Amino acid sequence: MSTEPPETTENTEPGTPGAAPEGAGDGDATAQAAAADGGADDTAAKMSEAEAELAAQRIERERIEQRKAEKQAPVESGTKLSGKAAELLAAVRAVESGAKPAATVFEAPEPPRRPAPEPVRRPQPVPTAAPVGPAPETVESVRRVLAEGGAPEALAPQVAAALGEGAGDRLRADPWQLLRVVGVRPEQADGFARALLGAECGPDDERRGRALTVWLLEQAALAGHTALELPALTAALTQRGVPDADTAVQSTLAEGEALAFQDALDEPGAPARQGDEAADEERPVRVLVGLERYALAEESLADGLARLINSVPKQDGSAEEWERAAAAAGSAADLIRAVSAHGLVLHTGGEASLAEPAALLHTAQALGLRAWAAAHSPLGRDRFSALLSGSGRPGSPAADAGARTGVAGVATVAGLLSGAEGPGRDADGALDLDLLVVLDAPQVDVETAALLAESLPDGARLVLAGDPAVLWSAGPGRVFADLLAARICPLIASRRPDPGPLGELVSGIGVGELTQVEAPGKELVIVPVRDAGEAVHRTVQLVADSVPRAIGVPPEETQVITPGHGGAAGTRALNAALKERLNPGPGRFGGFDPGDRVAYSPAPGRTVPGQVVKADAEGLHLSCAGEAVVVPKERVEQSVRHGWALTAHQAVGGRWPAVVVVLPGDAAQTLNRPWVYTAFGRAERHLSVVHGVEQALPRAVAEVQAKPRTTRLPVLLGPQVPSVD
């Protein structure tokens, strides 16, 4: 391993990435850090992908509500004031812009996140206008109530959208409904309620207890949980000054704002599997409380997966043809054999293992199946497309497996579900395909997974493929990990190792070892730093000078990754310094100039790298993954960031020729093995580590796992699907 930066040897040390003094950053990455995947808007002649998603979501939600229930969610931001009203508005803006975490109550080591879209099965979207905002009279009625309570009137559109028709009356009757707006804290809602209600307001108010219960469940969802155990919820309510937490929870359940579940356990902490019903009465039971949207998503996902597992896969090609194709497919043989006979298959492995799903798609195409892969991000889609085009040339075993003409294509998950990419939908609203391979499966949250499962027709095959060591999804749930643990379908573990010194380094991190590797081609460089200022300086030096000169990778192909957005060495500070060096300008368009590298978030939980092209009356024009995107000027602040530096959550699913990972000193407490594995694993040819956390790095790799998430999926699957053991 190289112990010098490519250009300068000053202040460098030999060894593994495990020694250096202090840096700075924001270990608590923000809600914007959840924007880790992308999709792209269509051109001006068509509605945007985000709008298409919302339109399709609304249509299918009506069908879901007939079966199960209904729910709504929050939105946008306002202007500026002074005093307490300004503090409240600043809190909302801080969360929406990514300056502050949305949740701290049920914090996980990875960054907290804003809620993902509603769990609904999406049919082929139809062209419609953009979603209509709340009626002006509704906004005005809310504005008057906010003014009476001393809250910023600029929050009126968000409150009106969150509470719906009659929002003004609802807010006056229950001031704690202000907590429905993302970024509002309980103490701020309490102040608003006191100003509005006067002597009627008290900590034991039933309305306060219900609102805080829902708020705490939302915070838990931001930390990845789909539900909370009852003792954890009541303890959190007590900490928030609710005198009778049990009554508050019961009131919330009675009003239908949350649901309660009783899950039998085989042993403390372990969800029960299907077994002897006579023994069920003796098993301990855990009581969970969750929001309806996530409960419906998990139930829908369990139903959809059970349907796939229990249905007979469509038979295009005889068993002999599948076997001949498998025999000629090398390391992909086991995957092809499993998929030939099962509706659901799991596939694990690193970057090199992607060759196996690629071989599977070509085999399916050759056998006449309509086969598609869906990646987490446009970068992953394009990377897999290149792999697919290179692995199925005429003359390859996959291409020669048969003479039929099937289909093999690649899309993003978001584009597939919205209809902006992929095969479209059949007459029944299901995806028009026979085989779907979902790449980056650990990034699929429970709601997205439910959409995918419900969207597949009977007889379709689903392969969930990914690296289980990377960061979990930005949204609630741990679908891939739950399915791996449940053992309800075949699991094919790839034996293809990632090559070279970087592959060796990342493989070691995956098993908890930060090993020293030989890097004769300067594939790995450690740059110790003493403080945040030096970390920023050395990062700019690496990106602008050292890496291009010594490695031959230009700045536009080098990605900086850091733990958080804030702090003296977070994404904001690094992006400001990198812009000044690489694309200086006045920031005429909302802080952006043509040529700026950006990270665009078309929807919560998704990030698309891009570049600023221009700005005009329509908004900010971007080029994202080769597609033109226009961001309306009112959405620029909350959905576009500079993108020379990203968080690991934003970068997951992408890979770059060179990566600079910045580890500032104040990030030491937030590091864990999945974060380090994910950040280091984004590099293809070269990795520089700007190192200011000393022994916290090897300690995080060896000892700190991802914080557990509370989910119900294994319990829901148990009665429907027998174990493969």
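Strands β11 and β20 run parallel and are joined by five bridges, and within this pairing Pro-528 has His-691 of β20 as its bridge partner; strands here are DSSP runs of E with at least two residues, helices are DSSP runs of H or I with at least four, and both are numbered from the N terminus, while two strands count as paired if DSSP finds at least two bridges between them. This is a predicted model, in which local features need pLDDT of at least 70 and side-chain atom pairs count only at pLDDT 80 or more, whereas totals for chains, interfaces and linings use all residues. Residues are numbered from 1 along each chain as its sequence is written, and side-chain values use heavy atoms, with hydrogens and water left out.

The pair belongs to an open sheet of five strands with parallel pairing, in the order β11-β20-β19-β12-β18. Its edge strands, β11 (524–528) and β18 (645–646), each pair on one side only. Helix α23 packs on this sheet and touches β12 (558–561), β19 and β20, its direction making about 145° with that of β19; contact means heavy atoms within 4.5 Å, and such angles run from 0 to 180 degrees between N-to-C directions of lines fitted to C-alpha atoms, for helices over the stretch in contact.

Helix α24 (residues 696–703) has Ala-696, Leu-697, Ala-700 and Val-701 buried, where buried means under 20% relative accessible area, exposed over 50% and partly exposed in between, with a 1.4 Å probe and protein chains only. Seen down the axis of α24, these buried residues fall within an arc of 135°, so they line one face of the helix; the arc is that of the directions from the helix axis to the C-beta atoms. Their cover includes α18 (500–510), β19 (656–663), α23 (673–680) and β20 (683–691).

In the loop between α22 (648–651) and β19 lies Arg-655. A polar atom of the Arg-655 side chain is 2.7 Å from the backbone oxygen of Gly-681. Leaving aside residues up to four places away in sequence, Arg-655 touches Glu-351, Arg-383, Gly-681, Arg-682, Ala-683 and Glu-684.

Another open sheet of five strands has antiparallel pairing and the order β16-β15-β14-β13-β17. At its edges stand β16 and β17 (640–642), each with a single partner strand, so one side of each is left without a neighbour in the sheet. On average, neighbouring strands of this sheet are turned by 40° against each other, direction ignored. Within it, β13 (residues 597–600) and β14 (residues 608–616) pair in the antiparallel sense over four bridges, with Gly-610 in β14 as the bridge partner of Val-598. Strands β15 (residues 619–624) and β16 (residues 627–631) pair in the antiparallel sense over five bridges, and they form a hairpin with two residues between them, where Ala-625 in the turn has a positive phi of about 50°.

Elsewhere, helix α9 (residues 245–254) has Ala-245, Ala-248, Val-249, Ser-251 and Thr-252 as its buried residues. They cover an arc of only 160° around the axis, which puts them on the same side of α9, whereas Gln-250 and Ala-254 are exposed on the other side. The cover of the buried residues of α9 includes α7 (206–222), α8 (230–239) and β4 (285–290).

For the protein as a whole, the secondary structure comes to 25 helices and 20 strands, and buried residues make up 60% of the 725 residues.

Technical notes:
Polar contact = N/O pair within 3.5 Å; in protein donor to acceptor, adjacent residues only side chain to side chain.
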